[in-house]
Number of protein chains: 2
Amino acid sequence: MSDLLERLRARGWRMTSQRRVVAEVLSGEHVHLTADEVHARAVERLPEIARATVYNTLGELVSLGEVVELSTDGRAKRYDPNARRPHQHLVCTECGTIRDVRPAGDPLAVLPDSERYGFTVSKVDVTYRGLCPSCAG
Amino acid sequence: MSDLLERLRARGWRMTSQRRVVAEVLSGEHVHLTADEVHARAVERLPEIARATVYNTLGELVSLGEVVELSTDGRAKRYDPNARRPHQHLVCTECGTIRDVRPAGDPLAVLPDSERYGFTVSKVDVTYRGLCPSCAG
DNA sequence: TCTTGACTTGGACTTCGTCCATTGTAGGAT
DNA sequence: ATCCTACAATGGACGAAGTCCAAGTCAAGA
């Protein structure tokens, strides 16, 4: 994803080999790696990269809106580079596989005012759960 | 919630003072306690109750479908005794306050078949996020 | 009341993540 | 091309949340 690197550079990011490797590992569709998985893959390209650096970089990418953080299972958070287009997630309750899915309509619109308790609602996270084809057998 | 205790007894649960206290602590509307909060409140009534027992009991209540487990923030899981009627959650991004809200229509229905990737979709978790009246100022 | 298997205990352990003092370096300035 | 320095990386200690397990306890049926 060199356009990601371009955008980061344009935002004044200091480009280090560590950040480059993390950004490269986190690319593609339907990618939902944990921080430790990102670290493991980063180490293959840059053996001395520290776990803390991976956590820092992921946190920055999330703050910049370039990566979405998910906690679908109460275990380790996962990082989704497909942050440019809004989407939701479909999770297999058996094996944990995650697919990105596109919402039909604006999911925010379906919450009636009477159910908003005076909140200013700004986003909605939707996670569908079920069995993937392999696990459904 | 004595009807909860009734149902549990009917399912063959051995009724212990620990389980009774956990079930009692977890009662009411808009209750979303962490395991440690449940433990803290349980200790007030039963000083010697162990943390592991609270975790065990919460896990059983979840398996029995009597309590819903939420991980809205990637921090500690929260336990919601309002499991009898399907509902969603509205979370304040500032202070963490959680309200139960009722869906308008069946949220499962809005996922098009073309976006199901062959999954057998059985449930959907929806979390609205925004600022509560106090935090919005 | 006795018995027994289910339940509880508490502390060690695991996982996931954060913190921080030290060391290194990207990239602008000279 | 080299120097500076503020920003970034390192790694190891620390912390929060949760699990595991061997030993002790007790609810409830016989």
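**View 1. A:Cys132 and its surroundings.** With 20 C-beta neighbours inside 10 Å, A:Cys132 counts as buried. Like everything in these views, this comes from a predicted model. The residue sits in the loop between β6 and α5 (133-136) of chain A. Leaving out residues up to four places away in sequence, A:Cys132 touches A:Cys92, A:Cys95 and A:Thr97, plus B:Phe119 from the other chain.

View 2. UniProt, in an unreviewed entry, puts the feature "binding site" at A:Cys92, A:Cys95, A:Cys132 and A:Cys135. These four span 44 residues in sequence, yet no two of their C-alpha atoms are more than 8.2 Å apart, so they gather at one spot. Zoom in on A:Cys135 and you are in helix α5 of chain A. Is A:Cys135 buried or partly exposed? It has 15 C-beta neighbours inside 10 Å, so A:Cys135 counts as partly exposed. Setting aside residues up to four places away in sequence, A:Cys135 touches A:Cys92, A:Glu94 and A:Cys95.

**View 3. Strand β4 of chain A and its partners.** β4(A) covers residues 88-92, and five of the five are buried, so the strand is largely enclosed by the rest of the structure. A:Gln88, A:Leu90 and A:Cys92 point one way, while A:His89 and A:Val91 point the other way. One partner is β5(A) (residues 98-101), which runs antiparallel to β4(A) and is joined to it by four bridges. Look for A:His89 standing opposite A:Asp100 there. The two strands make a hairpin with five residues between them, and A:Gly96 in the turn has a positive phi of about 85°. Another partner is β6(A) (residues 120-131), paired with β4(A) in the parallel sense, again over four bridges. In that pairing A:Cys92 stands opposite A:Gly130.

**View 4. Where chain A meets chain B.** Here 32 residues of chain A are in contact with 32 residues of chain B. On the chain A side, β4, β5, β6 and α5 each give two or more residues. Which element gives the most? That would be β6(A), with 12 residues. Sorted by class, the chain A side has 17 nonpolar, eight polar and seven charged residues. β6(A) and β6(B) also pair directly, in the antiparallel sense, over 11 bridges. Along this pairing A:Val126 stands opposite B:Val126.

**View 5. The largest nonpolar core.** This core has 22 residues, and the ones touching the most other members are A:Leu90, A:Val126, A:Tyr128, B:Leu90, B:Val126 and B:Tyr128. At least two core residues come from each of β4, β5 and β6 of chain A, and likewise from each of β4 (88-92), β5 (98-101) and β6 (120-131) of chain B. Take B:Leu90: neighbours within four places in sequence aside, it is in contact with A:Tyr117, A:Phe119 and A:Val121 from chain A, and with B:Arg99, B:Val101 and B:Tyr128 from chain B.

**View 6. The surface near DNA strand C.** 24 residues surround DNA strand C, and the closest are A:Ala52, A:Lys77, B:Gln18, B:Ala52 and B:Thr53. Elements giving two or more residues are α3 (35-45) and α4 (51-63) of chain A, along with α2 (17-25) and α4 (51-63) of chain B. The largest share, four residues, comes from α4(B). By class, this surface divides into nine nonpolar, eight polar and seven charged residues.

Notes:
Residues numbered from 1 in each chain as written. Chains lettered and ligands numbered in written order. Predicted model: local features only at pLDDT ≥ 70, side-chain atom pairs only at ≥ 80, totals over all residues. Buried ≥ 20, exposed ≤ 12 C-beta atoms within 10 Å, placed from the backbone. Pairing = 2+ DSSP bridges. UniProt positions renumbered as here; feature names shortened; annotations may be inferred. Contact = placed C-beta atoms within 7 Å. Near = placed C-beta within 6 Å. Nonpolar A, V, L, I, M, F, W, Y, C, P; charged D, E, K, R; others polar. Core = buried A, V, L, I, M, F, W, Y, C linked by C-beta atoms within 7 Å.
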